[in-house]
Amino acid sequence: MTRPSFFITTPIYYVNAAPHIGHAYSGLACDVLARFKRLDGYDVHFLTGTDEHGQKVETAARNRAVDTRAYCDQVSANFRELAQVMNLSNDDFIRTTEQRHYDSCQALWRALDSAGQIYRNSYNGWYSVSDEAYYDTEEIQDDGNGGKVAPTGSAVEWIEEPSYFFRLSDWQQPLLDFYAAHPDFIQPASRRNEILRFVESGLQDLSISRTKFSWGIPVPDDPDHVMYVWLDALTNYITALGYPNTEDPRYQKFWPANVHVIGKEISRFHAVYWPAMLMAAKLPLPAKVYAHGLLMRDGRKMSKSIGNVVTAQEMIGQIGLDALRYFLMREVPFGQDGVYSDQTLYARLNSDLANDLGNLAQRTLSFVAKHCSAQVPASSGFQDEDSAILRRAAGLLDNVRTLMDEMAYHRALTEIMALASEANRYIDAMAPWTLRKTDTDRMQTVLYVIMEVLRAIALLLQPFMPDAMSRMLDQLGVSSEKRTFADYDSKLDSGNTLPAPEPIFPRLTPPEE
Ligand code: ME8
């Protein structure tokens, strides 16, 4: 039987600066869903990479007085390392400076051109190098210091140059029809409304080439022009599947994408320009664009100039990788901006991981090690309380699956952790330490029930905390072949010998304590 496919992508990151926790966040959100889908039987393709062309990158290299390509190699390597540091399970890492991407962009350009979607003219207007975006005069404001800024706050400059244009204006109605027919295309709803208003207000043709610098993919047959970096960047999603060879098995299997995960500030490029280009090139459209919020530290957007940028490596050094992964997915409702501080970080991790889950596992497993000869206990018939909590555990996969399909990670984790809290109440009420003296059969049953609940929790938490949950499943004696969701309904083998339990989530001490 062929497995269903699932293609998920992060934005490709500009190599104009070092990666920080915000870049790690998009990759993590994709990784968690990619891992969930793999465990759920899907054939997954997870793509990330770097966006290396354009004026911004060229300027960054020049400011450092280094060769542009050497500079790209170096910063791209930092993003590749970030993926490893975050334990991302990406199947590919694309760089827009690769030959495959050059060929793909030129082919897409030619496809748009032969469809009559490209014409030559000149662009006179505002451009922000920092955003790599064009702005209308109505959008521009004075910055109070004699300069002009875009609505994003980025400086803009007036440019006048010959340019090729894409007939974006042709696609206003087709886009509106598409959004109406696919209400889930842009999520969350707040972003969808913004995009609808933008498209309803009218679309102008889009300048898609620049002549003032050369760091880009040349326009076919007119190498004085390089392609606009967003046309180049968006194309990465099909390059990676083998485009222009639409017979490539990866393209056949994985295009159109199931979801492009992006930060909300780049919604317009993904939800307007990209689907318009695809329609114009007669290619299928992705199923979903999910625009998440931005991580803020101590109430402010992370930025180099404010000096509140945190790297993933720093946080991992402080709290450990899986705790970081858990925190980012649990604390911030996906789709909203994420404000966090050290206080919320340590409080959340100690309460959920050290106290609730860690304590449940540790006290159960050390009790079993001591009083059940380090073997999976045997159940001798369930009472109502046992059946109730086992039923709840059995039903959890379906709930979590639905929430994961909505990309409601924080709600999925809330549900899973609620079961851990319930199991803590159950163990307190059943008091196996008392049963040990009065009824060892009943004690074994209770411990078996808790271990079964822990097995369900650990299976479901694998996408979020792969290493920690792999260790927990080892300690529960779950063999590595029995860890997919197809095994969710299987049971622990009573009598199976267990390894010595070890704490998985130590209590963390905040730096100022
Ligand atoms: O926009 N919080 O690249 P970029 C959360 N090359 N996410 C953040 C973040 C923060 N504080 N800061 C960055 C580009 N991100 C283009 C994309 S795609 C075809 C081309 C994440 O280096 C978030 O995903 O500016 C955001 O959209 C992305 O990094 C921007 O990365």
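User: Where is proline 244 found?
Analyst: Proline 244 sits in the loop between α8 and α9 (249-254). Helices (H or I, at least four residues) and strands (E, at least two) are DSSP runs, numbered from the N terminus. This is a predicted model, where local features need pLDDT of at least 70 and side-chain atom pairs count only at pLDDT 80 or more, while totals for chains, interfaces and linings use all residues. Residues are numbered from 1 along each chain as its sequence is written, and side-chain values use heavy atoms, with hydrogens and water left out.

User: What kind of peptide bond joins tyrosine 243 and proline 244?
Analyst: A cis bond, with omega about 10°. The bond from tryptophan 255 to proline 256 is cis too, with omega near 0°.

User: And where does proline 256 lie?
Analyst: In the loop between α9 and β14 (259-263).

User: What about phi of asparagine 87?
Analyst: Phi is near 60° there, a positive value in a residue other than glycine. Asparagine 87 belongs to the loop between α3 (68-85) and β3 (92-95).

User: Why is asparagine 87 called partly exposed?
Analyst: Because its relative accessible area is 23%. Buried means under 20% relative accessible area, exposed over 50%, and partly exposed in between (1.4 Å probe, protein chains only).

User: What is phi of alanine 374, and where does alanine 374 lie?
Analyst: Phi of alanine 374 is near 55°, which is positive in a residue other than glycine. Alanine 374 lies in the loop between α13 and α14 (384-405).

User: Switching to the ligand. How many residues surround it?
Analyst: 23 residues surround the ligand. The closest are Ile12, Ser26, Asp51, Glu265 and Leu295.

User: How far is isoleucine 12 from a nitrogen atom of the ligand?
Analyst: A backbone N or O atom of isoleucine 12 lies 2.8 Å from that nitrogen. In the side chain of serine 26, an N or O atom is 2.5 Å from an oxygen atom of the ligand. Glycine 263 has a backbone N or O atom 2.9 Å from an oxygen atom of the ligand.

User: How much of the ligand does the protein bury?
Analyst: The protein buries 93% of the 670 Å² that the ligand exposes when taken alone. Accessible areas come from the Shrake-Rupley method with a 1.4 Å probe; for residues, only the protein chains shown count as cover.

User: Which elements give two or more residues to the shell around the ligand?
Analyst: β1 (5-14), α1 (21-39), α7 (229-234) and α8 (236-239). By class, the shell has twelve nonpolar, nine polar and two charged residues. Ala, Val, Leu, Ile, Met, Phe, Trp, Tyr, Cys and Pro count as nonpolar, Asp, Glu, Lys and Arg as charged, and the others, Gly among them, as polar.

User: Now helix α18. Which of its residues are buried?
Analyst: In α18 (residues 466-475) they are Pro466, Ala468, Met469, Met472, Leu473 and Gln475.

User: What do they pack against?
Analyst: The buried residues of α18 pack against α1, α12 (321-331), α13 (342-371) and α17 (440-461). Contact means heavy atoms within 4.5 Å.

User: What follows α18?
Analyst: Glycine 477, with a positive phi near 75°.

User: Is arginine 455 buried or exposed?
Analyst: Arginine 455 counts as buried because its relative accessibility is 3%. Its place is in helix α17.

User: What does arginine 455 touch?
Analyst: Leaving aside neighbours within four places in sequence, arginine 455 is in contact with several residues, including Leu473, Leu476, Asp487 and Tyr488. Its side chain also makes a polar contact with the side chain of glutamate 452, at 3.1 Å. A polar contact is a pair of N or O atoms within 3.5 Å; within protein, one must be able to donate a hydrogen and the other to accept it, and residues adjacent in sequence count only if both atoms are side-chain atoms.

User: Where does asparagine 121 lie?
Analyst: In strand β4 (residues 118-128). Asparagine 121 counts as partly exposed, at 45% relative accessibility. Leaving aside neighbours within four places in sequence, asparagine 121 is in contact with Pro162, Ser163 and Phe165.

User: Last topic, the whole protein. How many helices and strands?
Analyst: There are 18 helices and 18 strands. Buried residues make up 57% of the 513 residues.

Notes
A residue is near a molecule or strand if one of its heavy atoms lies within 4 Å of it.
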